[in-house]
Amino acid sequence: MILNGSNIIGFSDSRQSGESFYAVNPKTGQQLNTAHVQATISEVNTAAELAESAFQSYRKLSGMKKAKFLETIAEEIENLGDSLIEICMQETALPEARLKGERGRTVGQLRLFAQLLQEGSWVDARIDFANPNRQPVPRPDTRQMQIALGPVGVFGASNFPLAFSVAGGDTASALAAGCTVVVKGHPAHPGTSELVGRAINQAVKKCNLPEGVFSLVQGPSIAVGQAIVRHSLIKAIGFTGSYRGGKALFDEANKRDEPIPVYAEMGSTNPVFILPEKLKQETPAIAQGLKNSIQLGVGQFCTNPGLTIVDGSETAKEFEQLLSKEVEDLVSATMLTSGIQSAYESGLQKFKDKTTVSSLSQGKKGDDETQGVPELLAVKGKDFLADSELEKEVFGPSTLLVQTEDDKELLQIAKNLEGHLTATVYGTENDLKANEELLAVLERKVGRLLINGYPTGVEVCHSMVHGGPFPATSDSRMTSVGTAAITRFTRPICYQNYPEFLLPEELKTDNPLKISRIINGERQ
Ligand code: NAP
């Protein structure tokens, strides 16, 4: 497939504005050749109108047909072959192996949603049969299931150019739910976005679906994203990125005459608590594992362990020295954009300007400007507790080591935490039994609680929660990874006294789809 830099509005290549923008190779600082055309508000409007008109029929498609569509998207992405990986490497500086892995995750995600649709029970069907003889009043026939919300706006993330971008988790779950989608591609990888967008539209055509099931608008202007959120036909938003961006879009959506849900995943610092007995038993292994987790993907993961909490023991001092050495041996690598690199540097500098924070060690800096140098910072527990800024995400390969005086201080740190995506506790059975209160406190702070592991690496599966209380996300009841992400784009509807012929298959009395349902209060 050839790149032409157009926006993809339904089945048309669209180039209304005269304004072009270019992707930049973060490794070389060179602009790439393709002139991408910035979308206009009128193109956003057309995309939303097409999405609404396609929604009328797409939402009624059977689970089997939607599953076939998702599988076809996966095949079309695979059919892009190496050209997708090559352009993505140029636009993001991410290594080939990582991008091939991410492509596998992206198509795997689409296929997992396809399986969910084939199985069918996700609609959570509930039936209460009528009881005309009930006293004092008869009971009506009521039947409930989840239905699609409407056209959805999706914002592609910079740090997962495939798995959280044009055909990523937000798009896959919205299409699975029966929603049509308008994507705002991330301006750091427009060529990757265009190729994947074309693959989706190819699948739309192959499956004989209506024009408008999918559109892609591009551009580095926030006006394009704002226009999607403000459009009255758009009924929900999926976003992954910065707190600033996510919160701005959330506020924008709430200013609408008809406010809509914004599912914004805005990152977090993912505290890691290391308890004393475990630390004593496995000091070098924990230091090495933590170093790997900090450096993974040049720290550009929302699950990067940005906070590490230890006690003030001799073992903890030994751990500090080992971790310092591990970080010192790391070599810097190119970050996704020069903006992300400078935000990383200035975020670290802001911390280092504080008299309470010290830099324990730094990795080695390479040649190119856009590299993020790994760094280990440290602060005393009492100073951390007195300065809420230190809990904020510095997106990149660093961690802040918090040295606590005693168990009470450690617990207080947990109690003071704001919402995060994950928290990790390292502990032996004795440690964990002695710290049940810590675990109970952390349960209220995060979406995923790990014992003796690393927060990076989010499994795509049925039980995953990639979410958490504000400010990690804008809605702690939801997940943006795993099949449970589908319910972000659905709502329940109840059909009362509906004749059989009008009921959706999922709610017909003889259960033609053979799905699991709750009948008169019993799971069947
Ligand atoms: P971003 O600045 O939040 O941008 C993400 C997307 O949202 C882009 O398409 C951007 O469009 C759009 N956007 C941002 N603010 C907007 C606004 N006020 N109105 C409308 N659209 C808006 O994220 P980024 O460019 O990926 O990286 C910047 C920082 O975000 C990083 O340094 C890091 O701190 C954080 N980040 C977090 C995660 C995470 O996993 N949670 C992932 C990636 C990045 P424009 O580019 O056109 O403005």
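Mentor: The model is a predicted one. The open sheet has seven strands, ordered E15-E17-E18-E13-E12-E19-E20, and its pairing is mixed. Strand E15 (358–362) and strand E20 (448–451) form the edges, each pairing on one side only. From one strand to the next, the twist averages 20°. As a general point, strands of a sheet pair through backbone hydrogen bonds, in either a parallel or an antiparallel sense.

Within this order, strand E17 (residues 375–380) and strand E18 (residues 398–403) provide a parallel example, paired over six bridges. At the level of residues, Val 379 has Val 402 of E18 as its bridge partner. Helix H12 (residues 338–352) lies across E15, E17 and E18, and runs at about 30° to E17.

For a view of a loop, one may turn to Ser 221, which is placed between strand E9 (214–217) and helix H7 (222–230). Ser 221 has a relative accessible area of 22%; because buried means under 20%, Ser 221 is classed as partly exposed. When neighbours within four places in sequence are left aside, Ser 221 is in contact with Gln 38 and Lys 184. Pro 187 lies 34 residues from Ser 221 in sequence, while their C-alpha atoms are 8.7 Å apart in space.

Terms used: Residues numbered from 1 in each chain as written. Predicted model: local features only at pLDDT ≥ 70, side-chain atom pairs only at ≥ 80, totals over all residues. Heavy atoms only, no water. Helix = DSSP H or I, 4+ residues; strand = E, 2+ residues; numbered from the N terminus. Buried < 20%, exposed > 50% of the residue type's maximum accessible area, 1.4 Å probe, protein only. Contact = heavy atoms within 4.5 Å. Pairing = 2+ DSSP bridges. Axes fitted to C-alpha atoms, helices over the stretch in contact; angles between N-to-C directions.
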